[in-house]
There are 6 protein chains.
Amino acid sequence: DFESALGEMTPAFGVAEEALERCITGGIIKYDQTVHQILDSGKDIISAVRSHTPLLSVLLYGPPASGKTALAARMALDSEFPFIKFISPQAMVGFNDMMKVQYMQKIFMDADKSPLSIIVIDDIEDIIDWIGIGPRFSVTVVSAIRALLRQNPPGDKRRVVMTTTAQREALSQLNMLDRVFNAQIPVPNVQGLDALNRALAKGGMTDREAEQTMALVESEKGSQISVGIKKVLEAVQISQAVDMKSEKCAEVLRAFMVSQY
Amino acid sequence: DFESALGEMTPAFGVAEEALERCITGGIIKYDQTVHQILDSGKDIISAVRSHTPLLSVLLYGPPASGKTALAARMALDSEFPFIKFISPQAMVGFNDMMKVQYMQKIFMDADKSPLSIIVIDDIEDIIDWIGIGPRFSVTVVSAIRALLRQNPPGDKRRVVMTTTAQREALSQLNMLDRVFNAQIPVPNVQGLDALNRALAKGGMTDREAEQTMALVESEKGSQISVGIKKVLEAVQISQAVDMKSEKCAEVLRAFMVSQY
Amino acid sequence: DFESALGEMTPAFGVAEEALERCITGGIIKYDQTVHQILDSGKDIISAVRSHTPLLSVLLYGPPASGKTALAARMALDSEFPFIKFISPQAMVGFNDMMKVQYMQKIFMDADKSPLSIIVIDDIEDIIDWIGIGPRFSVTVVSAIRALLRQNPPGDKRRVVMTTTAQREALSQLNMLDRVFNAQIPVPNVQGLDALNRALAKGGMTDREAEQTMALVESEKGSQISVGIKKVLEAVQISQAVDMKSEKCAEVLRAFMVSQY
Amino acid sequence: DFESALGEMTPAFGVAEEALERCITGGIIKYDQTVHQILDSGKDIISAVRSHTPLLSVLLYGPPASGKTALAARMALDSEFPFIKFISPQAMVGFNDMMKVQYMQKIFMDADKSPLSIIVIDDIEDIIDWIGIGPRFSVTVVSAIRALLRQNPPGDKRRVVMTTTAQREALSQLNMLDRVFNAQIPVPNVQGLDALNRALAKGGMTDREAEQTMALVESEKGSQISVGIKKVLEAVQISQAVDMKSEKCAEVLRAFMVSQY
Amino acid sequence: DFESALGEMTPAFGVAEEALERCITGGIIKYDQTVHQILDSGKDIISAVRSHTPLLSVLLYGPPASGKTALAARMALDSEFPFIKFISPQAMVGFNDMMKVQYMQKIFMDADKSPLSIIVIDDIEDIIDWIGIGPRFSVTVVSAIRALLRQNPPGDKRRVVMTTTAQREALSQLNMLDRVFNAQIPVPNVQGLDALNRALAKGGMTDREAEQTMALVESEKGSQISVGIKKVLEAVQISQAVDMKSEKCAEVLRAFMVSQY
Amino acid sequence: DFESALGEMTPAFGVAEEALERCITGGIIKYDQTVHQILDSGKDIISAVRSHTPLLSVLLYGPPASGKTALAARMALDSEFPFIKFISPQAMVGFNDMMKVQYMQKIFMDADKSPLSIIVIDDIEDIIDWIGIGPRFSVTVVSAIRALLRQNPPGDKRRVVMTTTAQREALSQLNMLDRVFNAQIPVPNVQGLDALNRALAKGGMTDREAEQTMALVESEKGSQISVGIKKVLEAVQISQAVDMKSEKCAEVLRAFMVSQY
Ligand SMILES: Nc1ncnc2c1ncn2[C@@H]1O[C@H](COP(=O)(O)OP(=O)(O)OP(=O)(O)O)[C@@H](O)[C@H]1O
Ligand SMILES: Nc1ncnc2c1ncn2[C@@H]1O[C@H](COP(=O)(O)OP(=O)(O)OP(=O)(O)O)[C@@H](O)[C@H]1O
Ligand SMILES: Nc1ncnc2c1ncn2[C@@H]1O[C@H](COP(=O)(O)OP(=O)(O)OP(=O)(O)O)[C@@H](O)[C@H]1O
Ligand SMILES: Nc1ncnc2c1ncn2[C@@H]1O[C@H](COP(=O)(O)OP(=O)(O)OP(=O)(O)O)[C@@H](O)[C@H]1O
Ligand SMILES: Nc1ncnc2c1ncn2[C@@H]1O[C@H](COP(=O)(O)OP(=O)(O)OP(=O)(O)O)[C@@H](O)[C@H]1O
Ligand SMILES: Nc1ncnc2c1ncn2[C@@H]1O[C@H](COP(=O)(O)OP(=O)(O)OP(=O)(O)O)[C@@H](O)[C@H]1O
Ligand SMILES: [Mg+2]
Ligand SMILES: [Mg+2]
Ligand SMILES: [Mg+2]
Ligand SMILES: [Mg+2]
Ligand SMILES: [Mg+2]
Ligand SMILES: [Mg+2]
């Protein structure tokens, strides 16, 4: 019945808008110039494919919580390509290796029917079951992804693949960087006090609260702070339900930064 | 028939009260300030989710017998969320990896139907079959748990996941700490003579017996004692059926502390 | 048909008397004070469970042939609990891992129906297929045993589990000692000339023969002898059919002690 | 149904022209003398088989993107043998080891029916699931390929096998070079400014753009440049849709060369 | 149908005389005092079981070709026990692990029905698929053999198990020596010129030929020669069909001794 | 259907003449004295079995392309035994381990019905899936081959087994040399200028061409040349279709010798 379930997935020209929107619930805050640059790189690649290049594969990589998934989702939605799909580990819980491969292959085959397609592959390290100790990973899935990402769409169809990872090192060890991706875009943390300040303010704090939080964080960590935008927004959210918002927010941020070792 | 058995598990809005109550048969003795702090942290997280945060994952970690399971159970019951579930290794004896994954996935899917849900995952290291030599573990189960714990509930549903472990090091090696948990709460042993004294007395000994036990323990181990609350209550229980209660209790406690190496 | 065979195993309140009796064919010879102490420790644990403790797990460990199985069998039979079961590697020859787990789980579920139950698990290292090189072992069986031994019986039911092993080191490596057993009882070899003398005599030799054997053994090995009670009885038996009993018996004992490396 | 699908593959005298043409979309640019030499070596081998040699196996090896696949495709098409087949990892996505082996064996058995056959095996390292860490690979597929490549066609049938790889080292470790291939042809990168200039110009740039690009690349990397012809054409293509073509093209080329480590 | 084939094996009281006779085609040549001693040890063990001991397991170990199998076969046949069985790797070619275990278990269960039984297990290292590199071996079969060899026959039934191996070191690594065997009997090579001389003469050479062979061997290898009785008889046989018997025989013997490294 | 296919293989008294003839398409050129010696050793072994020895196993080993398969085929055909079979990796492409074992076992069982049989096992390292890294190999197939090669034919039937390998080291690591083979015959490369000259001339070159080729090879490699007879004939063949035969032939030979490392 997995087979029949696969068959019922509506074919080409399906768009995964809802799933992608859910990845950007915090919006895309322009806390820094880097954010603009990343979005521009993405636009360039997409318009190259829109006009004539048959296949471009992009890798978005960066530390945990830096915003990789949200940025890939944003770019895919902005492309307005007729075929947009989102492949994530969450959609494959309980799948064995063969099912994963068939599931992804089905999506690529559907994409083959669309003149312009964009496929977002989120957390590729989790999809291939990468675990740093050993290391261990699914040879079957690695093998299939390697072939699918290198597969030219037929005729004059064209395709963008956007992949995210917090473990670029894994792809390097698997010898996948050079052979599979045409471009690599780093997604950094929010770095430095100014960027953090903007992120906190645009993330829902009053200017006052943001300033107080900054002061507390700076007093303990100095100005060399670095933390993912997702964690910044999380800290803001957790402190909402509390009396001493700034103190709580600063505490949560510090805890995040400590555990980053 | 595993499939049909899974199907018959009553869906959402089921509460695992009985199973959780059985984890707190010794109550929650306030032998120390730490106990209050742990319970408070838990309350804060739960109320954050109750008011607006969609997903918070918490890790309770500490040495064997320190009371992790009882504390997680207490917090879950106190949340009074409409959907409360308890996932433990005991419930999955005889399951293969796929069955484990389906079992857990079913519970998370049921939780997805409830506006507020809390899931307790006990002894996560045993659920993933972690064995320190190698190390060995179930890649399939690790992979599924990683995805399930990162999976946002749909729409405006909200969820707390409380996970316990005596092997935080395992999760660290699996690169799960940072990427999966929003907060980590340490659960320490009963430490020092005062705390032990309160634990013994509140655990069922007369003041006299507790004092004698303390004296015997101190005479041999000094005041630097450290032992899990579960073991303290076990020692009290074993000595109940014996003539020389304090001697037996002290002997059992010493044996526990020796074997902790 | 394995399933239906499992189903036909008569449920609770079954007693494994015959199998246990066969483990004590050489009786329990009181060659030393240690033998009394071991039996007493066992009695204390059993009476604690008889009166109020829900679950106590005991580990009997010691060198090969030291009498672990016979002592566990003796204690179990003496408990006179309504439910007594014996789990041994011999009963699971030809079982795959899943069958082993189901077989043991069935016994624990049956025990759950009895107010007082005692389960003897013999040679746990063989049940988990432990082999020191690697090391190798069955993760599936380790996982199930770990969960079963930690599983509280339901309601006010109470249970003792007595486990034997000649490879306590294996359990230590598997991180099972602390988390699984409430008490650990060492079972030593027959040590020193006096103990050996008593063992030989009570084992079936005339005083004269025992003395002669002792002299021969002492002359070669000195008084620092150490050998399992099972091997002592074996040596006595083998020498029965021979002309020069003492010489043969001493020869066999020496061979045993040499091969102990 | 995999079996029946295999059966329906049209037997001998089938030609994989379309698939091979798609490998040469960028044509074969004569940027260098090496290109002529490679094509000549190929011709010699093919004519040896055309006239009398029963079996010759050739290995085309070189860095990623150096043009291996296109060259093998060109040679195969130019042979005008009645039986030409293309075996690639893309055609085997979702196949398990046994299916891969059966798929390839079918093609070799079909080839056995043709007086003259040529089989192109692309990216052999991916077909055998080679991953450098470990290393890991499919023993089953290695074993089958080893036997198939050594298998003489029956009677007076004759065969060429052209294999490509970017990981000759893998084949060396698998002890396949000596025993399996009769000739090995290296396919180098575009090396030096002159070759790059010719490649850019023939790849679609105006002479002016090519010169400007060269100047920018040289100013940063010196004259020791080395990059695959596929990447050169990719850089040209990406810069087409952009205003400052030469700058973009140089930037992309530099990024490629950096990531080659 | 493996199951039904197993079922048709005639149960207890079957004797494997023919198979055992075929192991002694070269007879038992008394080339040395050791041969007598080995046979005597065997007789003692067998008569101990004949009179009263329920279970004795013996290990015959020694270098390749030293005569282990023939000696075990001789002892088993001489026992005249009503149940004699021969378990060898040859009988299990093509069996998977489970089939091997079931096959052996069937034989032990049949033996359980006989008052006196003797089971010869030949080349135990091959039965457990032992390969020194790794090392590798079948955990399943090791596990089953360990349990079967330790399993007491029921009631007052009695059993001898004779096991042969050229890799006692393997059993030692598997921790099987101490726990499984009650006695260990070494089977050495033919050692020294006198023993070799007797072996050659009794093996079919004329005194003259034996002497000439000796001279040739001694002149090259000195008197420190050591070679298995099976190889000695092989050398005699090979030289039969040749003109210069002594020269050929000496040549073959030297080749054997060289390859022993 | 594999089973039924096996069943249809015509039983005993089948001869694999065609397959063996195809291994000697280049004839047996007497380029050296060694060739005579190898053939003689083979004849001696075969006549020993023809007259009285029940089982002799021979190993032909040497570098790649040295002529092992052709020599084994020649000897087998010359034996004129009523049962001759050829077991090669090519015949088992797509077989899993169990199928390989059953296929070989069938051939040995058929051989058991013939008074005199000879079985050639080609490239044993490939049949057992030996790969030097690890090393890896099929335990199942190793185990079966080990047993089959040691299995005496029944009654007064007699058998020769001729095995070839280019990886004698593999068999040594698997501990198979001593225990499995009664004789080992090395098959060397064509070594030195004289032997090469004779090989070239008898391989199809005119004396003139051979001499010119020799001069070219000597001028670059000196007189210490060493190359397999199969490669020599390959070089001659490739140069046939070319204008400058001697130059081409010398070039190909040099390439072969370089790649031998
Ligand atoms: N500039 C920004 N870039 C990315 N995300 C942003 C930005 N501003 C706000 N966000 C919000 O921050 C969150 C980023 O989370 P996201 O899941 O994309 O991070 P991630 O790097 O993929 O994390 P993980 O490593 O856990 O996969 C999203 O909710 C997004 O809407
Ligand atoms: N302050 C306390 N905190 C936790 N448990 C307490 C406390 N006071 C009493 N208890 C009792 O102590 C026992 C704690 O056992 P629990 O199983 O929770 O420990 P654990 O750390 O989960 O052990 P393990 O490492 O074996 O899983 C429970 O019976 C609980 O009712
Ligand atoms: N004091 C004693 N303690 C234990 N066993 C005794 C004692 N006296 C006599 N025996 C007899 O000695 C034998 C002990 O064998 P048992 O199988 O219990 O040893 P074991 O330690 O379990 O051996 P193994 O390590 O092989 O499992 C039994 O036959 C038992 O009846
Ligand atoms: N001289 C040339 N040699 C090879 N390819 C050329 C040449 N000139 C132009 N091309 C074009 O360059 C591209 C070469 O790509 P190709 O896929 O063959 O490279 P590759 O080495 O196989 O890459 P990969 O390592 O990724 O498999 C093709 O589009 C081909 O048409
Ligand atoms: N004294 C002896 N002891 C053993 N075998 C003897 C003796 N004298 C003659 N033989 C003959 O020598 C041969 C011994 O071969 P056997 O197969 O028993 O050796 P093995 O040690 O089992 O060899 P392997 O290590 O290959 O299993 C048999 O044919 C046997 O009849
Ligand atoms: N003296 C010779 N010995 C062996 N083969 C010879 C000899 N003279 C000519 N030949 C021919 O040389 C070729 C030898 O090839 P063969 O396949 O036997 O080599 P091989 O050592 O088995 O190679 P590989 O290592 O690849 O298996 C055959 O075609 C054979 O007819
Ligand atoms: Mg992400
Ligand atoms: Mg717990
Ligand atoms: Mg025991
Ligand atoms: Mg390619
Ligand atoms: Mg033998
Ligand atoms: Mg060969």
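Arg179(D) is buried, as is Glu125(F), where buried means under 20% relative accessible area, exposed over 50%, and partly exposed in between, with a 1.4 Å probe and protein chains only. These two residues form a salt bridge, with the closest N and O atoms 3.5 Å apart. By salt bridge I mean a side-chain nitrogen of Lys or Arg within 4 Å of a carboxyl oxygen of Asp or Glu. Because Arg179(D) lies in helix 9 (residues 177-180) of chain D and Glu125(F) in helix 6 of chain F, the pair joins two chains. Helices here are DSSP runs of H or I with at least four residues, strands are runs of E with at least two, and both are numbered from the N terminus.

Let me state the basis of these values. This is a predicted model, in which local features need pLDDT of at least 70 and side-chain atom pairs count only at pLDDT 80 or more, while totals for chains, interfaces and linings use all residues. Residues are numbered from 1 along each chain as its sequence is written, chains are lettered from A and ligands numbered from 1 in the order in which they are written, and side-chain values use heavy atoms, with hydrogens and water left out.

I return to chains D and F. Asp126(F) forms a salt bridge with Arg146(D), the closest N and O atoms lying 3.3 Å apart. This pair also crosses between chains, from helix 6 (residues 124-127) of chain F to helix 7 of chain D. The relative accessible area is 6% for Asp126(F), which is buried, and 4% for Arg146(D), also buried.

On chains A and B, a network of salt bridges links Asp123(A), Glu125(A), Asp126(A), Arg146(B), Arg150(B) and Arg179(B).

What does Asp129(D) pair with? Its salt-bridge partner is Lys100(D), with the closest N and O atoms 3.3 Å apart. Asp129(D) lies in the loop between helix 6 (124-127) and helix 7 (139-150) of chain D, and Lys100(D) in helix 5 (residues 97-111), so the pair ties together parts 29 residues apart in sequence. Both Asp129(D) and Lys100(D) are buried. Over all chains, a search of the whole structure finds 78 salt bridges.

Some chains do not meet. Chain B and chain E do not touch, their nearest C-alpha atoms being 15 Å apart; contact means heavy atoms within 4.5 Å. Likewise, no contact joins chain A and chain F, with closest C-alpha atoms 15 Å apart.
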